[in-house]
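The sequence and coordinates are shown first, and the description follows.

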Amino acid sequence: MITQRSHGLPLHLDLAVARFLEIRRTGRSLSPADFDHTFPALIARALSDLTADERHVLRSAGLLDAFDLDLATQAAGPAHQAAARRLVERPLVTENPYAIWPIERP
């Protein structure tokens, strides 16, 4: 079910793994129906449990060309570094500390 739905997209696979781990933590038995979700549904599920601070950081970082913890914290406000750190732990967000910012466009 997962490979059929993912079409080989790595982010879809990462989100499916996160869903698997979430279900396993609850102790509930897994079924194929647990993974019969579209990509947008997996994204919505992954974002549904963000705190207000994490949502603020995600919206602020979404305006940037590259994600860097310090830059995202500055964009969201210095009081949000803990939320930015938690956001980096999610499969949806990839931090690249070596990215050149701003990214020059041709």
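A residue is called buried when its relative accessible area is under 20%, exposed when over 50%, and partly exposed in between, with a 1.4 Å probe and protein chains only. By this criterion, buried residues make up 27% of the 106 residues in the protein chain.

The model is predicted: local features need pLDDT of at least 70, side-chain atom pairs count only at pLDDT 80 or more, and totals for chains, interfaces and linings use all residues. Residues are numbered from 1 along each chain as its sequence is written, and side-chain values use heavy atoms, with hydrogens and water left out.

## Overall composition

The protein chain has six helices and zero strands, where helices (H or I, at least four residues) and strands (E, at least two) are DSSP runs numbered from the N terminus. The order of elements from the N terminus is α-α-α-α-α-α. The accessible surface of the protein chain is about 7100 Å², and 57% of that belongs to carbon and sulfur atoms; the areas come from the Shrake-Rupley method with a 1.4 Å probe, and for residues only the protein chains shown count as cover.

A contact means heavy atoms within 4.5 Å. Of the contacts in the protein chain between residues at least 6 apart in sequence, 57% join residues at least 24 apart.

## Helix 2 and helix 3

Helix 2 and helix 3 pack with axes 10 Å apart at an angle of about 50°. Axes are lines fitted to C-alpha atoms, for helices over the stretch in contact, and angles run from 0 to 180 degrees between N-to-C directions. Angles under 35 degrees count as roughly parallel, over 145 as roughly antiparallel, 65 to 115 as roughly perpendicular and the rest as oblique. Helix 2 and helix 3 are therefore oblique to each other. The crossing of helix 2 past helix 3 is left-handed; that term applies if the near helix is turned anticlockwise from the far one by less than a right angle, and right-handed applies if clockwise.

On the helix 2 side, the residues that meet helix 3 are Leu11, His12, Leu15, Ala16, Arg19 and Glu22, and their partners in helix 3 are Phe39, Leu42, Ile43, Arg45 and Ala46. Helix 3 spans residues 39-47, and Leu42, Ile43 and Ala46 are buried in it. Seen down the axis of helix 3, these buried residues fall within an arc of 100°, so they line one face of the helix. The arc is that of the directions from the helix axis to the C-beta atoms. Helix 2 (10-26) is included in what covers the buried residues of helix 3.

## Helix 5 and helix 6

The axes of helix 5 (residues 69-76) and helix 6 (residues 81-88) come within 9 Å and cross at roughly 135°. Helix 5 and helix 6 are therefore oblique to each other, and their crossing is right-handed. Leu69, Asp70 and Thr73 in helix 5 meet Gln81, Ala84, Arg85 and Val88 in helix 6.

Leu69, Ala72, Thr73 and Ala76 are the buried residues of helix 5. Viewed down the axis of helix 5, they fall within an arc of 100°, so they line one face of the helix. These buried residues pack against helix 4 (52-61) and helix 6. Exposed Asp70 and Gln74 are carried on the face of helix 5 turned away from its buried side. Glycine 77 follows helix 5 and has a positive phi, near 115°.

| Residue | Relative accessibility | Contacts |
|---|---|---|
| Arginine 19 | 9% | Arg28, Asp34, Phe35, His37 and Arg45 |
| Arginine 45 | 34% | Arg19, Glu22 and His37 |
| Glutamate 54 | 4% | Asp49, Ala83, Arg86, Leu87 and Arg90 |

Arginine 19 is in helix 2 and is buried. Arginine 45 lies in helix 3 and counts as partly exposed. Arginine 45 and leucine 15 are 30 residues apart in sequence, with 9.1 Å from C-alpha to C-alpha.

Glutamate 54 lies in helix 4 and is buried. Its C-alpha atom is separated by 9.5 Å from that of glutamine 81, 27 residues away along the chain.
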